[in-house]
Amino acid sequence: MQLKDPSLLQNKAYVNGQWTAAQNGATYPITNPFDGAVITEVADMKKEDVQQAIDAAEKAFDVWKNKTAGERSTILRKWFDLQMEHAEDLALILTTEQGKPLAEALGEIRYGASFVEWYAEEAKRVYGDVIPGHGVDKRIVVLKQPVGVVAAITPWNFPNAMITRKVAPALAAGCTVVIKPAEDTPLSALALAELAERAGFPEGVLNIVTSSNAAEVGETLTKSSVVRKLSFTGSTRVGKILMKQSADTVKKVSMELGGNAPFIVFDDADLDEAVEGAIASKYRNAGQTCVCANRIYAQAGIYDAFVEKLSEAVNKLNVGSGLEKGNEIGPLINTAALEKVEGLVKDAIEKGAKVTTGGERHQLGGTFFQPTVLSQVSEEMKVTHEEIFGPVAPVYKFETDEEVIAAANNTEYGLASYFYGNNIRRIWKVAEGLEYGMVGINTGMISTAVAPFGGVKESGVGREGSFYGLEEFVEVKYLCFGGI
Ligand code: ADP
């Protein structure tokens, strides 16, 4: 890896302001999903190492929460500036460990940094309230205080941005953090720690524990009564385990879990715009995001035309190494992901779906899968109910608004949803009818630091981004002054 600043590639964990090996010296390999080559070995931390990080964060909490909001803001801002300055190196590290095309990786770095910038600003505006008292001698004041030590567990599909989205508001509020990045992609996290060190965070404010044993780290973090808040992004399955584990110490939790996003195209939609939106929403990160369109519903009047236009556009997507310019679809993260996507496509074909483009593993081999469009898809196919997490778009036909709203809501998930249409009455009705935390209307791209990201139902609890995101990391304290 040809980095301009080679010290951004770290392989030890970051605990209490020190690059730290596991106490037993264990390491595990990090590989490039493009060709399976080992990039480096990182520290494989165990219970006792995680405990050390919790202790460091506890000690640092006293220091960090007692800084002024302005001081915290200045350090966060410095961290943001450093991320922008080193964006190209950060993107290269990201693509090498994760596989997404370099242009997309750079997009993620800027997106990730935007949370740090936003919360550097918000840090100064954690206002409380003064409420008119309930008696003539009473005065009521509401304070907002940081919740304490925060544990953040993040996934591999956005190795940078899922960290900054949690950590920036936590730090802005005055919390300290222990981060466990996904085992496949810890290098982006460690590069962020290197920049945090340069930005001047006091020791112990930000800690990163790398480990191949997620369950052990998760258990140690959730068992600890020092950790007062858990912020998790990942699968619904693991989210439920962590919520249960957090119950024993009654932690606050934020959960960004799986999705099964519907993408609806009505007869009166602009089809070219809808195709563009579908490509952006479905094929970004090779389909490996929790807000990717999972089920595309096209109304009967435009069904054939939409499938044709979408297939044509998908056919043109360039597949290959993320490091080669012009490629739009990289490899899937690992073999298990490839097998899952392949199995879903096979199941759909067996049950009557037609492949209009793609449909198989890519000739490049490895974990590449062809960008695929399936038509004549029906409810009983597995793609309807499972998160595909790959570059496969099943397209369903529907007749009425009521029918498509019911179909779209017929899932335990409720994260992102999208629709294209131009009738203002319908737009309001559908937007209100969709049981989702987020609705994209005539757009396939909804993620931004300034808006609340999050889901309902089994897609999660809590919101990230915007001023709502900061509320997740503060406790409200009510002061009642009497005898005045
Ligand atoms: P994905 O399907 O996106 O990989 P996971 O939920 O498996 O989602 O992983 C998201 C994050 O959760 C990763 O950091 C992973 O290491 C971590 N993780 C997986 N299993 C557990 C567990 N039992 N306890 C705590 N963290 C876990």
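Here are some notes on this structure, point by point, for reading alongside the model.

1. **Before you start.** What you have is a predicted model, where local features need pLDDT of at least 70, side-chain atom pairs count only at pLDDT 80 or more, and totals for chains, interfaces and linings use all residues. Residues are numbered from 1 along each chain as its sequence is written. The helix and strand labels are DSSP runs numbered from the N terminus (helices are H or I with at least four residues, strands are E with at least two).

2. **Two helices side by side.** Look at helix H4 (residues 102–122) and helix H5 (residues 161–173): their axes come within 8 Å and cross at roughly 10 degrees. Axes here are lines fitted to C-alpha atoms, for helices over the stretch in contact, and angles run from 0 to 180 degrees between N-to-C directions. H4 and H5 are therefore roughly parallel to each other; the cut-offs are under 35 degrees for roughly parallel, over 145 for roughly antiparallel, 65 to 115 for roughly perpendicular, and oblique for the rest.

3. **What makes that contact?** On the H4 side, the contact residues include Tyr111, Phe115, Val116 and Tyr119, and on the H5 side they include Ala161, Ala168 and Pro169. Two residues are in contact if their C-beta atoms, placed from the backbone, lie within 7 Å. By class, the H4–H5 contact has 10 nonpolar, 2 polar and 3 charged residues. Nonpolar covers Ala, Val, Leu, Ile, Met, Phe, Trp, Tyr, Cys and Pro, charged covers Asp, Glu, Lys and Arg, and the others, Gly among them, count as polar.

4. The buried residues of H7 are Val217, Gly218, Thr220, Leu221 and Thr222. Buried means 20 or more other C-beta atoms within 10 Å of a residue's own, exposed means 12 or fewer, and partly exposed is in between, with C-beta atoms placed from the backbone. The cover over these H7 residues includes helix H1 (47–65), strand E7 (149–153), strand E8 (176–180), E10 and H8.

5. **E10 and E11.** Strand E10 (residues 227–233) pairs with E11 in the parallel sense over 5 bridges, where pairing needs at least two DSSP bridges between the strands. Phenylalanine 232 stands opposite methionine 255 in E11. Strand E11 (residues 252–256) is mostly covered, with 4 of its 5 residues buried.

6. **The seven-stranded sheet.** Now find the open sheet of 7 strands, which run in the order E14-E15-E16-E13-E12-E17-E18 with mixed pairing. Strand E14 (354–357) and strand E18 (438–441) stand at the edges, each with a single partner strand, so one side of each has no neighbour in the sheet. Neighbouring strands are turned by 25 degrees against each other on average, direction ignored. Helix H9 (residues 271–283) packs on this sheet, touching strand E12 (261–265), strand E13 (293–299), E16 and strand E17 (416–420), and the direction of H9 makes about 165 degrees with that of E17.

7. **The three-stranded sheet.** Another open sheet has 3 strands in the order E5-E6-E20, with antiparallel pairing. Strand E5 (129–131) and strand E20 (474–481) are at its edges, each with a single partner strand, so one side of each is left without a neighbour in the sheet. The twist averages 25 degrees from one strand to the next. E5 and strand E6 (residues 139–146) pair over 3 bridges, and valine 130 stands opposite valine 141 in E6.

8. **Two loop residues to check.** Alanine 286 has a phi near 55 degrees, a positive value in a residue other than glycine. Alanine 286 lies in the loop between H9 and E13. Is alanine 286 buried or exposed? With 32 C-beta neighbours inside 10 Å, alanine 286 counts as buried. Lysine 457 has a positive phi of about 50 degrees although it is not a glycine, and lies in the loop between E18 and strand E19 (460–461). With 16 C-beta neighbours inside 10 Å, lysine 457 counts as partly exposed.
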